[in-house]
Amino acid sequence: MHVNDGGAPQTPVEGVMHAFTRIGRRLKSKQPGDTIDHSAHLVLFVLRCNGALRLSDLASRMEIDASTASRHVRALETVGLVRRSADPDDGRAFRVELTEQGMQEWEAAAKRRMALLSQAMDGWSDSDIETFERLMTRFADGVTSLADDSKAWADKGWAAAVAVHQSTADASQRSTADAARLNTEENAESST
């Protein structure tokens, strides 16, 4: 399915946004062999990366509310992919962890998505793939930093976080320009 949202991107940044929208839609859709939906795979991924977590910690790491995380956990528990266990630090609380079957499901889904990405880059040189990985990692780090550093992300959304980041970047550019101007003036004075 190709969606035309009214025209071609007008800027490179808009082109990036369009590309991410297309990629996200494809990677979030069920792949052949998937038995659970994308949001359930995200639960498995977070547990795979972090080990057993309290429900509140799982929700926080997934950046969703606790009731949504609870629904995902119940559904995954029903099909045997996660289990609850007592929290050793607080007997009233529980932790969620992957079962062996959950680990196998996550690994199989990861292999399917890796195969999809590999096919999408078929014909790319090793250098192109390494450059793409480096730039994507840099971009992901930037987005994560922006989201983590700006309370506006959680309170007011993406636009507010971007505005905070832009004002910081503008201030940094002004101080760089001021430093360059002062350096140029000092060089001009010393050469006369």
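The questions below go from the whole chain to its sheet, its helix packing and a few single residues.

User: What pattern of helices and strands does the protein chain follow along the sequence?

Analyst: This is a predicted model, and its protein chain holds 8 helices and 3 strands. Buried residues make up 22% of the 192 residues in the chain, and among contacts between residues at least 6 apart in sequence, 41% join residues at least 24 apart. Read along the sequence, the elements follow the pattern α-α-β-α-α-β-β-α-α-α-α.

User: In what order do the strands form the open sheet?

Analyst: The sheet is built from 3 strands with antiparallel pairing. Strand E1 (53–54) and strand E2 are the edge strands, each of them pairing on one side only. The order of the open sheet is E1-E3-E2.

User: How many bridges join strand E2 to strand E3?

Analyst: E2 (residues 82–87) and E3 (residues 90–98) run antiparallel, and the two form a hairpin with 2 residues between them. Within this pairing, Ser-85 has Arg-95 of E3 as its bridge partner, while Arg-83 has Glu-97 of E3. The number of bridges that join E2 to E3 is 6.

User: Which helix lies across E2 and E3, and at about what angle does it run to E2?

Analyst: The element that lies across both of these strands is a helix covering residues 66–78. That helix is H4, and its angle to E2 is about 115 degrees.

User: Are helices H3 and H4 roughly parallel or roughly perpendicular to each other?

Analyst: Helix H3 (residues 55–62) packs with H4 at an angle of about 105 degrees, and their axes are 9 Å apart. Because angles of 65 to 115 degrees count as roughly perpendicular, the value of about 105 degrees makes the relation of H3 to H4 roughly perpendicular.

User: How many charged residues does the contact of H3 with H4 have?

Analyst: On the H3 side the contact involves Leu-55, Leu-58, Ala-59 and Met-62, which meet Ala-66, Ala-69, Ser-70, His-72 and Val-73 in H4. Sorted by class, these give 7 nonpolar and 2 polar residues. The count of charged residues is none.

User: How many charged residues does the contact of H2 with H5 have?

Analyst: Helix H2 (residues 38–50) and helix H5 (residues 100–120) pack at about 110 degrees with their axes 10 Å apart, so H2 and H5 are roughly perpendicular to each other. From H2 the contact draws on His-41, Leu-44, Phe-45 and Arg-48, and from H5 on Gly-102, Met-103, Glu-105, Trp-106, Ala-109, Arg-112 and Arg-113. By class, this contact has 5 nonpolar and 2 polar residues, and its charged residues number 4.

User: Is Asp-90 buried or exposed?

Analyst: Asp-90 lies in strand E3, and a polar atom of its side chain is 3.0 Å from the backbone nitrogen of Arg-92. Because residues under 20% relative accessible area are classed as buried, the 18% relative accessibility of Asp-90 places this residue among the buried.

User: Is Glu-63 buried or exposed?

Analyst: Glu-63 has its place in the loop between H3 and H4. Most residues other than glycine have a negative phi. Phi of Glu-63, however, is near 60 degrees, a positive value in a residue other than glycine. With 60% relative accessibility, Glu-63 counts as exposed.

Conventions
Residues numbered from 1 in each chain as written. Predicted model: local features only at pLDDT ≥ 70, side-chain atom pairs only at ≥ 80, totals over all residues. Heavy atoms only, no water. Pairing = 2+ DSSP bridges. Helix = DSSP H or I, 4+ residues; strand = E, 2+ residues; numbered from the N terminus. Axes fitted to C-alpha atoms, helices over the stretch in contact; angles between N-to-C directions. Parallel < 35°, antiparallel > 145°, perpendicular 65-115°, else oblique. Contact = heavy atoms within 4.5 Å. Nonpolar A, V, L, I, M, F, W, Y, C, P; charged D, E, K, R; others polar. Buried < 20%, exposed > 50% of the residue type's maximum accessible area, 1.4 Å probe, protein only. Polar contact = N/O pair within 3.5 Å; in protein donor to acceptor, adjacent residues only side chain to side chain.
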